[in-house]
Amino acid sequence: MNVKRLGIYLNDHLLGSTVGVDLAKRTERENRSNPVGQYLSTMIPLLEQDRATLRTVMAALEVRVDPLKMGGAWLTEKISRLKLNGSLLRYSPLSRLVELEGLCVGSHGRVSLWRSLERIAAKDPRLARFDFGFLAERADGQLETLQTLRLRATDAAFSDASVETGEQAPVPTEA
């Protein structure tokens, strides 16, 4: 096994995980009164668990955390806030859609990470204690819910009511 490449791969996913947790927290704060925020409030602790599991995997494989990538995660999250969303000073219906798309991308990445580690674990006894199949299935289920919320956010972002009034169209109540 090429340990150097594996270290780069795991650090890239740790960076993505850090950005994803920060994005989920920001999106949850902006959507507390609707199903997006309610779902994310239950998902965030699981994302934090996933990040902790990734760090434990890295420790088991003796892969060091790359401080430059962790600094990059912080910077990436801050820059992502500067996106143009049609509203300079407040949260826009487009903000919710773009943030949910980002969370979907991150969830795809987590499914791939856990599936890749599941394959590596079949050859590396240091990873035998991790249930990567369970983690992949959980991430896939989260992705499915996020996709449903994203489609509803698409409807809200591009409805005539939100365009004409400049206000957010309501997000449907079932998730």
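**Entry 1: the pocket**

I looked up which element gives most to the lining of the largest pocket. It is α4, with nine residues. I note that this is a predicted model.

Next I checked the pocket's volume. The largest pocket comes to about 320 Å³. I then asked which residues sit closest to its centre. Of the 21 lining residues, these are Gly16, Ser17, Gly20, Gly106 and Arg110. I also listed the elements that supply two or more lining residues: α1, α2 and α4.

I sorted the lining by class. I found 10 nonpolar residues, eight polar ones and three charged ones.

**Entry 2: the largest core**

I turned to the nonpolar cores. The largest one holds 20 residues. Which of them touch the most other members? I found Leu10, Trp114 and Phe132. I then looked for the elements that give two or more residues to this core, and got α1 (3-30), α2 (35-60), α4 (93-121) and α5 (132-157). Here α4 again has the largest share, with five residues.

**Entry 3: Phe132 up close**

I picked Phe132 and listed its contacts. I left aside neighbours within four places in sequence. What remains is Val57, Trp114, Leu117, Glu118, Ala121 and Leu127. One of these, Trp114, is also among the core members that touch the most others.

I searched beyond the largest core.

Conventions:
Residues numbered from 1 in each chain as written. Predicted model: local features only at pLDDT ≥ 70, side-chain atom pairs only at ≥ 80, totals over all residues. Heavy atoms only, no water. Core = buried A, V, L, I, M, F, W, Y, C linked by side-chain atoms within 4.5 Å. Buried < 20%, exposed > 50% of the residue type's maximum accessible area, 1.4 Å probe, protein only. Helix = DSSP H or I, 4+ residues; strand = E, 2+ residues; numbered from the N terminus. Contact = heavy atoms within 4.5 Å. 1 Å grid on protein atoms, 1.4 Å probe; cavity = no way out; pocket = protein on both sides within 12 Å on 5 of 7 lines; lining within 4 Å. Points joined across faces, edges and corners; volume = space filled by probe spheres on them. Nonpolar A, V, L, I, M, F, W, Y, C, P; charged D, E, K, R; others polar.
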